[in-house]
Amino acid sequence: MFDPEFVFEELLPALNRGLLVSIALIVPASILGFLGGLAIGCLRGFGAPWMRRLGDCYTAIVRGVPLAVQLMMIYFALPKLGIYFEPYGAALLSFIICSAAYHSEYVRGALLSISQGQIKAARALGFNTLQTVLWIVAPQAARRALPGCGNEIIYLIKYSSLAYLVTCMELMGEGKVVASDTFRFTEVFIAVGAYYLVMVTLATWLLNWLEKRYRIPGFGSH
Amino acid sequence: MDSLSVIINALPYILGGTFVTVGAVGAALAMGLCLGVPFAVAQVYGPPLLRRLVALYVWFFRGIPILVLLFLFYGFFLSIGLPVNPFVISCLVMGCTSTAYQSQIFRGAIQSLPSGQLKAGRALGMRDGQTIRFIILPQALRLSIPGWANEFSILLKDSAVCYVLGTQEIMARTAAIAARTHEHLALYATAGVIYFVLTLIVLKLLQKLEEKVRVPGYGTHGSAALKGA
Amino acid sequence: MAQQDIVLDIRNISKNLGGKDILKDCSLKVARGELKVLIGPSGAGKSTLLQCINCLIPPDSGEIILEGTKLNPENTRELCAFRARVGMIFQDFNLFDHLTAIDNVSIALRKVRGMNAKDARDRAMEELGRVGLANRYLLYPAQLSGGQKQRVAIARALAMDPTVILLDEPTSALDPELVGEVLAVIRDLAQNGMTMVMATHQMDFARALANEILFMQNGVIIEQGTPQALLAEGAETRTRDFFTKLLSDGE
């Protein structure tokens with residue numbers, strides 16, 4: 001069953017090509033998604049009432065609709081508005097939009113979890129608003145949001161495979177082409193699965209390391 | 001033909017896919033529940049080897065995208081000569097994934113219970129199996145409802161990718177009509193609304209369930225997962 | 001009486017929250033080196049009054065004068081500078097949960113006073129030593145007992161070289177056996193001439209150390225005077241009634 005020529009000459013080069021595209025999707029989508037989620041989360045936590053409502057609506061809609069549907073909508077809707085995107089661009093955009101909504105949930109939750117007493121104590125010492133946010137609120141909120149946001153990035157690694165649905169040739173897409181050409185579905189997708197397993201495992205290790213590195217005794221995530 | 005009439009004409013057909021979607025998700029959730037509970041118990045109370053095995057299973061099914069698993073199972077079914085039924089494969093893949101996720105929800109709930117619960121059961125002369133069945137699980141399952149509701153809403157959304165194998169659910173039917181009429185945006189938006197409403201309905205039902213099984217004064221740590229939609 | 005050196009002068013503070021008058025026209029003057037003790041039943045407004053003094057709860061009306069300068073709470077810069085000179089000890093400590101004991105003490109020195117890290121650290125160690133916690137400086141709040149937390153909070157306030165310290169029931173959240181260690185630190189401060197305003201239910205402490213006791217009820221300071229005068233045998237004061245009631249409840 002194992003055919004070295006097929007694996008090393010055909011399968012792995014294709015998957016490595018796809019892996020680069022996957023990484024090119026995952027890295028910018030997680031960074032921009034997090035930044036977007038940070039902004040939206042702050043607005044939902046502290047913004048004017050209409051901003052909060054807007055942010056809540058955005059989050060509810062994105063979280064209520066499958067990513068596959070959102071991806072198709074963006075892929076097919078943008079050309080109607082005169083914006084032409086490569087499949088890559090459409091996939092990236094929809095990952096950012098989706099990721100930002102989930103991140104904003106964790107950011108908002110973390111901000112709201114900080115007790116009034118912490119803020120009062122900072123005020124009592126003469127901190128101004130910026131100093132309070134920078135030195136007291138942010139370091140605590142970041143630790144509370146880390147597990148959720150990290151998990152969201154791990155989800156994103158797996159969901160990046162959906163880019164295949166709009167013909168973006170990433171890991172999944174390359175695998176599908178090889179599988180369809182050779183009809184060796186089992187071998188190909190075991191290999192593709194292994195690639196994802198490695199990425200997810202590495203990301204999990206990194207996340208655990210970060211959590212451990214910045215853990216404070218008795219400062220729980222709830 | 002304008003978008004509206006396309007949607008109106010297509011709606012009965014797409015809505016028919018709701019039954020397929022709900023059926024597949026329901027089957028997967030049921031499988032996840034039936035296997036997830038024993039997996040969780042095994043991972044907390046089982047012998048070391050069993051714990052390892054469960055952890056390995058969870059690692060595997062949480063680390064690979066459903067899309068990849070669908071094709072992997074498909075290929076596996078082909079290669080051993082089983083009949084390839086897209087609906088069955090979809091249910092199986094989602095069921096295996098959900099088992100992994102649900103087992104972790106239940107495990108978290110079991111471990112959040114005070115250790116005195118097990119001790120108290122033993123002190124009364126119960127065997128560990130009895131304590132787990134009559135003391136631990138009734139509490140842990142109540143605590144799991146919010147996480148479980150969350151798992152349902154994730155699974156419902158993930159089920160949309162099952163159309164790649166040709167399972168005739170909401171997404172597949174939408175794609176089929178879109179390819180014929182080229183009204184992609186309007187049709188996918190319709191599908192989005194159907195998923196959204198479906199999520200809302202089931203989350204409401206689960207909230208009802210949570211209220212019904214609530215024990216006075218026993219916190220199910222706020223149903224945060226339920227409120228989020 | 002000779003002209004006293006008035007450090008903190010609070011004039012006619014009122015506060016209404018949700019249609020309810022929490023504070024009605026409260027005034028008090030604190031002289032340098034004095035310990036003023038606020039007593040009274042729960043809900044009397046002691047905590048609100050203390051938090052109004054450094055505008056954590058902004059008063060609706062009234063004046064706050066620190067060493068002859070009237071505070072303008074609208075001016076943020078001025079308000080921050082004012083707060084940096086007025087120490088505050090909270091009932092529930094409010095230590096910064098993400099910082100070690102020494103960082104809790106030094107953070108305001110660095111960020112508000114602009115001190116460099118080394119000096120701030122040295123200063124923080126000195127204050128932790130003063131409250132007897134020099135050997136606990138690397139522990140996080142969750143690793144400290146209630147009494148230790150409150151002592152770190154006191155060190156945090158002392159590090160800023162405050163002109164006056166406000167203490168809002170500093171021992172109320174503590175287990176009985178931990179009250180003593182915190183009171184001992186406060187007693188030390190009083191005997192070394194620190195100016196303080198303290199709300200408390202520790203009547204023996206108040207009787208022994210207060211220069212003046214203020215009795216509050218329903219948002220009004222209804223009695224004030226030296227402990228000897230208010231608590232004298234046979235004195236027909238509300239303070240004495242309250243005092244004897246606390247004693248009999250306590251037994």
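**Three chains, one predicted model**

Val86(C) stands opposite Val164(C), a residue of strand β7 of chain C. Start from that pair. The model is predicted: local features need pLDDT of at least 70, side-chain atom pairs count only at pLDDT 80 or more, and totals for chains, interfaces and linings use all residues. Residues are numbered from 1 along each chain as its sequence is written, while chains are lettered from A and ligands numbered from 1 in the order in which they are written.

Helices and strands are DSSP runs numbered from the N terminus: helices are H or I runs of at least four residues, strands are E runs of at least two. Two strands pair if DSSP finds at least two bridges between them. Strand β6 of chain C covers residues 86-89, and β7(C) covers residues 164-168. These two strands run parallel and share four bridges.

Which residues of β6(C) are buried? Val86(C) and Met88(C) are buried on one face, and Gly87(C) and Ile89(C) are buried on the other. Both faces of the strand are covered. Here, buried means that 20 or more other C-beta atoms lie within 10 Å of a residue's own; exposed means 12 or fewer, partly exposed lies in between, and C-beta atoms are placed from the backbone.

Strand β1(C) spans residues 6-17 and strand β2(C) spans residues 20-31. They run antiparallel, joined by eight bridges. Ile10(C) faces Leu28(C) across them.

Next, look at helix α6(C), residues 176-191. Its 16 residues should span 22 Å at 1.5 Å a residue, and the end C-alpha atoms are 23 Å apart, which agrees. The expected span is 1.5 Å times one less than the number of residues. Val182(C), Leu183(C), Val185(C), Ile186(C), Leu189(C) and Ala190(C) are its buried residues. Why do they lie on the same side of α6(C)? They cover an arc of only 155° around the axis, which puts them there. The arc is that of the directions from the helix axis to the C-beta atoms. An α-helix has 3.6 residues a turn, so residues three or four places apart point the same way.

Glu177(C) and Gln191(C) are exposed on the other side of α6(C). The buried residues pack against β3, α5, β7, β8 and α7 of chain C. Two residues are in contact if their C-beta atoms, placed from the backbone, lie within 7 Å. After the helix comes Gly193(C), with a positive phi near 85°.

Chain A is built another way. Its secondary structure comes to eight helices and zero strands. Its C-alpha atoms fill a box of roughly 70 × 45 × 25 Å along the principal axes. Of its 222 residues, 45% count as buried. Among contacts in chain A with a separation of 6 or more, 78% join residues 24 or more positions apart. One buried residue is Met199(A), with 20 other C-beta atoms within 10 Å. Met199(A) belongs to helix α8(A), residues 185-213.

How do the chains meet? Two pairs of chains are in contact, and chains A and B share the most contacts. Chain B gives 27 residues to that contact and chain A gives 32 residues. On the side of chain B that touches chain A, α3(B) and α8(B) each supply at least two residues. That side divides into 19 nonpolar, seven polar and one charged. Ala, Val, Leu, Ile, Met, Phe, Trp, Tyr, Cys and Pro count as nonpolar, Asp, Glu, Lys and Arg as charged, and the others, Gly among them, as polar.

The contact of chains C and A takes 23 residues from chain C and 20 residues from chain A. Helix α2(C) gives the most to the side of chain C that touches chain A, with five residues. This side holds 14 nonpolar, five polar and four charged residues. Chains B and C do not touch; their nearest C-alpha atoms are 20 Å apart.

Finally, look inside. A nonpolar core is a set of buried Ala, Val, Leu, Ile, Met, Phe, Trp, Tyr and Cys residues joined through C-beta atoms within 7 Å. The largest core has 116 residues, and those touching the most other members include Leu162(A) and Leu70(B). Helix α4(A) gives the most to this core, with 13 residues. A second, separate core of 84 residues includes Trp135(A) and Phe90(C).
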